[in-house]
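Thanks for asking me to look this over.

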Amino acid sequence: MLERVQSIISAIQFNLKVQSLPDRVYLREVMLPAMAAADAADVLLVGTRRYTRRYPNQFHLSRTQVWTMDVEPSVARFGNGQWHRTGDICRVNQVFENQRFDLIHLNGVLGFGVNDSEQIQGMVDACHEALRPNGYVMIGWDADRTEDPTHDPGIASRFEHADYMGLPARHRVTGMDGHDHVFDWFRRLD
């Protein structure tokens, strides 16, 4: 019993730590409200954890359908209910075979599951196909975990690095353990 209580306390402490990081504060207080203001019809938030479970509520749910997705089945309970899918971002176009998105939000995927050039190219191709024409993908990444995605030839051939709804194409903040976390916006090229 004591072990279970300690595990719960540890999870709460971790959740609070993550929520207080500058990258998460920016995401919650600046990025998500700007995304919601866009009134996109279909949005996909990739990467589901306890600290992301309220992100869909930032959107006008009467105007925007917010889907969530994660590769880990155990975190589905933190997704957006019936609009959550378990699957690999490198196969998003197959997981959502009959669905296309105006916006795909990928935060903490590069270097945390999508690690090599083959996986990155698979993610790029799948996201390109899953987006509507002129749709956007946001890639949030840690500078100590992966290469700069703007230098990736696969991304550059399918997407334009571009501002989104008043947000800069690139925003950099200090993340966990003092490493830079970078948010990059890309518009689908057709």
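1. **Basis.** This is a predicted model, in which local features need pLDDT of at least 70 and side-chain atom pairs count only at pLDDT 80 or more, while totals for chains, interfaces and linings use all residues. Residues are numbered from 1 along each chain as its sequence is written, and side-chain values use heavy atoms, with hydrogens and water left out.

2. **The largest core.** A nonpolar core here is a set of buried Ala, Val, Leu, Ile, Met, Phe, Trp, Tyr and Cys residues joined through side-chain atoms within 4.5 Å. Buried means under 20% relative accessible area, exposed means over 50%, and partly exposed lies in between (1.4 Å probe, protein chains only). The largest such core has 26 residues, and those touching the most other members are Leu44, Ile89, Val92, Ile104 and Leu106. Strands E1 (42-46), E2 (65-70), E4 (101-107), E5 (131-142) and E8 (180-188), along with helix H4, each give two or more residues to this core. H4 supplies the largest share, six residues. Helices (H or I, at least four residues) and strands (E, at least two) are DSSP runs, numbered from the N terminus.

3. What does Leu106 contact, leaving aside its neighbours within four places in sequence? With contact taken as heavy atoms within 4.5 Å, its partners are Val46, Ile89, Met123, Cys127, Val137, Met138, Ile139 and Gly140. Another core, of 22 residues, lies apart from the largest one and includes Leu27, Ala36, Tyr164 and Val173.

4. **Cysteines.** If you were wondering about disulfides (a pair of cysteine sulfur atoms within 2.5 Å), a search of the whole structure finds zero. Cys90 is in no disulfide, and its nearest cysteine sulfur belongs to Cys127, 8.1 Å away. Seen from Cys127, the sulfur of Cys90 is the closest one, yet too far for a bond. Cys90 counts as buried because its relative accessibility is 19%; Cys127 is buried too, with a relative accessible area of 2%.

5. **Strand E8 and its partners.** Two strands pair if DSSP finds at least two bridges between them. E8 runs antiparallel to E5, joined by seven bridges, and Asp142 stands opposite His181 in E8. E7 (residues 170-174) pairs with E8 in the antiparallel sense over five bridges, where Val173 stands opposite His181. E6 (residues 159-161) is joined to E8 by three bridges, again antiparallel, with Phe159 opposite Arg188. Why is E8 described as largely enclosed by the rest of the structure? Because seven of its nine residues are buried.

6. **Two positive phi values.** Asp39 has a phi near 55°, a positive value in a residue other than glycine. Asp39 sits in the loop between helix H2 (22-37) and E1, and counts as partly exposed at 35% relative accessibility. Asn134, also not a glycine, has a positive phi near 65°. Asn134 belongs to strand E5 and is partly exposed, with a relative accessible area of 46%.

7. **Glu118.** Is Glu118 buried or exposed? Glu118 counts as exposed, because its relative accessibility is 69%. Its place is in helix H4 (residues 117-130). Glu118 and Gly154 are 36 residues apart in sequence, with 10.0 Å between their C-alpha atoms.
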